[in-house]
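Hello,

Here is the structure for you to look over. My notes follow below it.

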Amino acid sequence: MRFRVECTNPETRQHHEFELDGRSLRDIEQQLRDAGLVSTSVTPLSKARPRRFTVRRPAALRWSKTASSGAAGRRAAIYGALIVVVLAGLAATLGRRGEIQPVRRLNASVRIDGRQLTIGNTGDEVWHDVRIDLNGGLANRGYVRELSTLAPRQSMVFDVAAFSDEDGTTFNPASERLRQLRIAAETADGRVALYTRRWD
């Protein structure tokens, strides 16, 4: 099911509007939490069914019940063609309406080995203003590390103690388990793309 979402980024204070697919309202809220966004409005978009178009012929031109199988086949072909044209027009209309696009997903790889965290850009686009967040929540940031850029096919290795929260406290794997990692970066089209990984 598709939802229209209005939300804000609590850190940049930017307002965003887009459409997002999800199984339920709870699923949408979880996706927003994963992205570090605070929803101001989530509206389910109705599953509008295409209207049925009935082609009625004048009585003088209607086929009789005794029409030949050839005539019945031609009629089925005409109706089939009309349905295809109507559905194609409907799809084109809905496509034009979709100017608001879902949040893009970053092509990334993540590997954790003890205290070492390896982040890789597996896509073909340069990441700009990269923000890596460990254990962040809906309205609060977790332990963060920022990069200006990360080139395609490039990887970087971090010690998890290099990530710190707003108070300057560093992440300590001995006292806190890594539950979630989120990467946000701006791509070539100027949109922010996201990658999220959870550990149960």
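Start with Phe 171: this residue is buried, with a relative accessible area of 3%. Buried means under 20% relative accessible area, exposed over 50%, and partly exposed in between (1.4 Å probe, protein chains only).

A word on the basis: this is a predicted model, where local features need pLDDT of at least 70 and side-chain atom pairs count only at pLDDT 80 or more, while totals for chains, interfaces and linings use all residues. Residues are numbered from 1 along each chain as its sequence is written, and side-chain values use heavy atoms, with hydrogens and water left out.

Aromatic pairs

Rings of Phe, Tyr and Trp (its six-membered ring) pair if their centres lie within 6.5 Å; planes under 30 degrees apart count as stacked, over 60 as edge-to-face and the rest as tilted. The count is 2 aromatic pairs. Tyr 143 and Phe 171 have ring centres 5.3 Å apart and planes at 75°, so they are edge-to-face. Tyr 143 sits in strand β8 (residues 143-150) and Phe 171 in the loop between β9 (155-159) and β10 (180-186), so the pair ties together parts 28 residues apart in sequence. Strands are DSSP runs (E, at least two residues), numbered from the N terminus. Tyr 143 is also buried, at 12% relative accessibility.

Phe 158 and Phe 163 are edge-to-face too, because their ring centres are 5.8 Å apart and their planes stand at 70°. Phe 158 is buried at 4% relative accessible area. Phe 163 is buried at 0%.

Sheet

An open sheet of 3 strands runs in the order β2-β1-β3, with antiparallel pairing. Strands pair if DSSP finds at least two bridges between them. β2 (15-21) and β3 (38-44) are the edge strands.

Best wishes

Key:
Helix = DSSP H or I, 4+ residues; strand = E, 2+ residues; numbered from the N terminus.
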